[in-house]
Amino acid sequence: LLNITYEELKALLAKSKDLILIDVRETDEVNRGCIPRSTHIALGTVETAFKMSPEDFQATYRIPKPALDAPELVFYCRSGKRSEEAISKVRELGYVTARNYTGSYLDWSQRE
């Protein structure tokens, strides 16, 4: 599994316009706070979302659908478990470069 650290994510947020950051927590969790520039796709809908046509994905999530080999596709949740699950789902769909922010929101909120 490809993992990403807080420092690596912080650097990507600062310099990369290609970063696609997916928050797979539930809506009530997201409402209490999230990492800047993230897009909310709850774990239960990840598979459906990543099977959508690019047009439907864009209309639903207001970001372009990531390419299968998107260089900077990162998933996070509260502690890294659900994002790991999300990644195994999208890997099966061909998203081989998806990375997991292992510390996830717990780590982020402690450091910010």
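Asp23 and Arg25 are both buried, where buried means under 20% relative accessible area, exposed means over 50% and partly exposed lies in between (1.4 Å probe, protein chains only). Their side chains also meet in a salt bridge, at 2.7 Å from N to O; the term stands for a side-chain nitrogen of Lys or Arg within 4 Å of a carboxyl oxygen of Asp or Glu. Please keep in mind that this is a predicted model, in which local features need pLDDT of at least 70 and side-chain atom pairs count only at pLDDT 80 or more, while totals for chains, interfaces and linings use all residues. Residues are numbered from 1 along each chain as its sequence is written, and side-chain values use heavy atoms, with hydrogens and water left out.

**Annotated domain**

- An unreviewed UniProt entry carries the annotation "domain: Rhodanese" for residues 15-112; UniProt positions follow the numbering used here, feature names are shortened, and annotations may be inferred rather than shown by experiment.
- Over residues 15-112, the chain is 44% helix and 14% strand, and the end C-alpha atoms lie 18 Å apart. Helices (H or I, at least four residues) and strands (E, at least two) are DSSP runs, numbered from the N terminus.

**Aromatic cluster**

- Five aromatic pairs turn up in a search of the whole structure. For one of them, Phe50 with Phe57, the ring centres are 5.5 Å apart and the planes stand at 65 degrees, so this pair is edge-to-face.
- Rings of Phe, Tyr and Trp (its six-membered ring) pair if their centres lie within 6.5 Å; planes under 30 degrees apart count as stacked, over 60 as edge-to-face and the rest as tilted.
- Phe50 is buried because its relative accessibility is 3%, and Phe57 is buried with a relative accessible area of 0%.
- Phe50 also forms an edge-to-face pair with Tyr95, at 5.0 Å centre to centre and 85 degrees between the planes. This pair links distant parts of the chain, 45 residues apart: Phe50 is in helix H3 (residues 43-51), and Tyr95 is in the loop between helix H5 (81-92) and strand E5 (99-101).
- Tyr95 is buried too, at 2% relative accessible area.
- Which residues do ring pairs link into a cluster? They are Phe50, Phe57, Tyr61, Phe75 and Tyr95.

**Arg25 and Asn100**

- The charged end of Arg25 sits over the ring of Tyr105, 4.4 Å from the ring centre. A charge sits over a ring if NZ of Lys or CZ of Arg is within 6 Å of the ring centre and within 35 degrees of the ring normal.
- Asn100 belongs to strand E5 and is buried, with a relative accessible area of 0%.
- A polar atom of the Asn100 side chain lies 3.3 Å from the backbone oxygen of Gly80.

**Salt bridges**

- How many salt bridges does the structure hold? There are seven.
- One of the salt bridges joins Lys10 to Glu112, with the closest N and O atoms 2.9 Å apart. Lys10 lies in helix H1 (residues 6-15) and Glu112 in the segment after helix H6 (104-111), so the pair ties together parts that are 102 residues apart in sequence.
- Lys10 counts as partly exposed, at 35% relative accessibility.
- Asp28 and Arg32 meet through their side chains in a salt bridge of 3.9 Å, N to O. Asp28 is partly exposed at 46% relative accessible area, whereas Arg32 is exposed at 65%.
- A network of salt bridges links Glu7, Asp107 and Arg111.

Terms used:
A polar contact is a pair of N or O atoms within 3.5 Å; within protein, one must be able to donate a hydrogen and the other to accept it, and residues adjacent in sequence count only if both atoms are side-chain atoms.
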